[in-house]
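Here's a quick briefing to keep beside the viewer. Load the model, and let's walk through what the coordinates have to say.

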Amino acid sequence: MQQLSVYLDQALALAAQGFDTVNSMQGIVIAVIAAGLMRRYKQILGWTAVATLSHEAVNIVRRVIAHDASPLPNFADLTYWKLVGIRLVGYFVAISVIYLVRRLVLRS
């Protein structure tokens, strides 16, 4: 039972960390658009992936506009992929919450 509690604590910490990475103006706008376009909750995994890819694309475009010397992230870096995974969890949480609120408020 204690081991289950440890795993649950780790999962909740990962979800909180993921939501923190999405909790910016860019992340909230992307999550609101994804939740608005989502028709059924069973589409959550697809929209989570689209939102994460959109976030990464926006980051690359921002670096290009800023004339950064290397606008592309280091795809071979494990830290980058860990951040993408955490962001994926964050978008899952954010889109789920926004979709739930939309369904409760608008009854659509």
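A residue is called buried here when its relative accessible area is under 20%, and exposed when that area is over 50%. With that in hand, keep in mind that this is a predicted model. Its secondary structure comes to four helices and zero strands, and buried residues make up 27% of the 108 residues.

**Overall layout and confidence**

- Going along the sequence, you get the pattern α-α-α-α.
- If you're setting up a box, the C-alpha atoms fill roughly 45 × 40 × 20 Å along the principal axes.
- Take the contacts between residues at least 6 apart in sequence: 80% of them join residues at least 24 apart.
- Mean pLDDT for the protein is 88, with 96% of residues at 70 or more.
- Among the elements, H3 has the highest mean pLDDT (94), while helix H1 (residues 2-22) has the lowest (74).

- H2 covers residues 25-37, which is 13 residues.
- From first C-alpha to last, H2 reaches 18 Å, close to the 18 Å expected at 1.5 Å a residue.
- Which residues of H2 are buried? They are Gln26, Gly27, Ile30, Ala31, Ala34 and Ala35.
- Look down the axis of H2 and these buried residues fall within an arc of 155 degrees, so they line one face of the helix.
- Ala35 touches Ile95, Ile98, Tyr99 and Arg102, once residues up to four places away in sequence are set aside.

**The nonpolar core**

- The largest nonpolar core has 12 residues, including Val22, Ile30, Ala31, Met38, Ile44, Ala51, Tyr91 and Ile95.
- H2, H3 and H4 are the elements that give two or more residues to this core.
- Ile95, a core member, lies in helix H4.
- Why does Ile95 count as buried? Its relative accessible area is 0%, and the cut-off for buried is under 20%.
- Beyond its neighbours within four places in sequence, Ile95 is in contact with Ala31, Ala34, Ala35, Met38, Ile44, Trp47, Thr48 and Ala51.
- Ile95 and Leu45 sit 50 residues apart along the chain, with their C-alpha atoms separated by 10.0 Å.

**The salt bridge**

- How many salt bridges does the structure hold? There is one.
- The bridge joins the side chains of Glu56 and Arg87, at 2.2 Å from N to O.
- This pair links distant parts of the chain, 31 residues apart: Glu56 is in helix H3 (residues 44-65) and Arg87 in helix H4 (residues 78-106).
- Are Glu56 and Arg87 buried or exposed? Both are buried.
- For Arg87, the relative accessibility is 8%, so this residue counts as buried.
- Setting aside neighbours within four places in sequence, Arg87 is in contact with Thr21, Val22, Thr52, His55, Glu56 and Asn59.

**A backbone angle to check**

- His67 lies in the loop between H3 and H4.
- Most residues other than glycine have a negative phi.
- His67 is not a glycine, yet has a positive phi of about 55 degrees.
- At 71% relative accessibility, His67 counts as exposed.

Note on methods: Residues numbered from 1 in each chain as written. Heavy atoms only, no water. Salt bridge = Lys/Arg side-chain N within 4 Å of Asp/Glu carboxyl O. Buried < 20%, exposed > 50% of the residue type's maximum accessible area, 1.4 Å probe, protein only. Expected span 1.5 Å × (residues − 1). Arc of directions from axis to C-beta. pLDDT = per-residue confidence, 0-100. Core = buried A, V, L, I, M, F, W, Y, C linked by side-chain atoms within 4.5 Å. Contact = heavy atoms within 4.5 Å.
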